[in-house]
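Please keep the sequence and the model open while reading.

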Amino acid sequence: MLPMLIAFAAAFGLLIGSFLNVVAYRLPAGTSVAAGRSECPSCHHQIRAYDNVPVLSWLLLRGRCRDCAAPISRRYPLVEAVTAVLWALVAAIADSTAQAVLGIVMVTALVPITLIDLDHRRIPNAITLPTAIAAIAVGTALDPSGQVERLIAGAAAFAFLLVPAIVRPDGMGMGDVKLAGVLGLCLGAPVAVGILVALVVGSVAGAVIAARKGVAGARRTTIPFGPYLALGGVVALVAGQPLIDAYVKTF
Ligand SMILES: [Zn+2]
């Protein structure tokens, strides 16, 4: 049963990933994510349904538009594949329905958040707010006894990043603070692991950039913090609870 479920989650993740590409492209531009079929940005031909199959179409078309042969970014199939892997991962590791649905809500939001933060240096409320509401609704419905912990985790994660965001607003934005809160609402206590991972990986990446480009160069090439939080969230989803248990046992 489980391999079937994982395969189903991966297949569904591919389709969702295709939609998340649209979200990441249209939401910052202010166009509706629901209205109209996708078109080639070069020749404006509408993309045919059979050329819109996740990953497969890109491979068959060898990354080029069927009408004008303009290159199609490899980011599209990559995002579809990553979303499929994330959905399969959640299906493989969740040991309750609540954990599975909260995990799906979280990873599905993290994909467009990462893309938009990399492209535009911002994390839209149009994603974090509905994700927070969905997480609270799903958590309350499927696991009411754990909801207080998740609310506390969300508030704590929000408050923890709020301090650096106020002290150094150029380093951390309010979008990052809200995203940390959303991660807490989805993960509960393991969000602590996620934020730790984000801070460590972000610092190491910053040090590597500084070593290669000098401190002044590193200032200019700072990477937004959202992608690190997204990475931390996924690590916490997979290994957060076991790490906390091991830590508690050690001390
Ligand atoms: Zn074209």
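Donors are N, O and S atoms within 2.8 Å of the metal (3.2 Å for Na, K and Ca), and since water is not among the atoms, sites may look incomplete. This is a predicted model, in which local features need pLDDT of at least 70 and side-chain atom pairs count only at pLDDT 80 or more, whereas totals for chains, interfaces and linings use all residues. Residues are numbered from 1 along each chain as its sequence is written, and side-chain values use heavy atoms, with hydrogens and water left out.

Q: Which residues coordinate the zinc ion, and at what distance?
A: The donor residues are spaced C-x2-C-x21-C-x2-C in sequence. Through their SG atoms, the zinc ion is coordinated by Cys 40, Cys 43, Cys 65 and Cys 68, at 2.3 Å.

Q: Is the site of the zinc ion tetrahedral or irregular?
A: Four donors count as tetrahedral if all angles lie between 85 and 135 degrees; four count as square planar and six as octahedral if opposite donors are over 155 degrees apart and all others between 65 and 115, and anything else is irregular. The 4 donor atoms of the zinc ion make angles of 107 to 114 degrees, and the site is tetrahedral.

Q: How many residues apart in sequence are the parts that Cys 40 and Cys 68 tie together?
A: Helices are DSSP runs (H or I, at least four residues), as are strands (E, at least two), and they are numbered from the N terminus. Cys 40 lies in the loop between H1 and helix H2 (56-60), while Cys 68 lies in the loop between H2 and H3, so the pair ties together parts whose separation in sequence is 28 residues.

Q: Which is buried and which is partly exposed, Cys 40 or Cys 68?
A: Buried means under 20% relative accessible area, exposed over 50% and partly exposed in between (1.4 Å probe, protein chains only). Cys 68 has a relative accessibility of 33% and therefore counts as partly exposed. Cys 40, at 6%, counts as buried.

Q: Why is the pair of Phe 12 and Trp 87 called tilted?
A: Rings of Phe, Tyr and Trp (its six-membered ring) pair if their centres lie within 6.5 Å, and planes under 30 degrees apart count as stacked, over 60 as edge-to-face and the rest as tilted. The structure holds 3 aromatic pairs. In the pair of Phe 12 and Trp 87 the ring centres are 5.6 Å apart and the planes stand at 40 degrees, so the pair is tilted.

Q: Which helices does the pair of Phe 12 and Trp 87 link?
A: Phe 12 is partly exposed at 38% relative accessibility, whereas Trp 87 is buried at 12%. The two residues are 75 residues apart, and the pair links distant parts of the chain, namely helix H1 (residues 2-26) and helix H3 (residues 75-93).

Q: Which residues does Gly 13 touch, not counting those up to four places away in sequence?
A: Gly 13 lies in helix H1 and is buried, with a relative accessible area of 0%. Contact means heavy atoms within 4.5 Å. With the residues up to four places away left out, Gly 13 touches Glu 80, Thr 83, Ala 84 and Trp 87.

Q: Which residues are in contact with Thr 128, leaving aside neighbours within four places in sequence?
A: Thr 128 is found in helix H5 (residues 125-142), and at 5% relative accessibility this residue counts as buried. Leaving aside neighbours within four places in sequence, the contacts of Thr 128 are Ile 113, Ile 123, Lys 178, Leu 179 and Val 182.

Q: How many Å separate the centres of domain 1 and domain 2?
A: The domain bounds, which come from an automatic or database domain assignment, divide the protein into domain 1 (1-93) and domain 2 (96-251). In the contacts between them, 14 residues of domain 1 meet 19 residues of domain 2. Taken over C-alpha atoms, the separation of the two centres is 24 Å.
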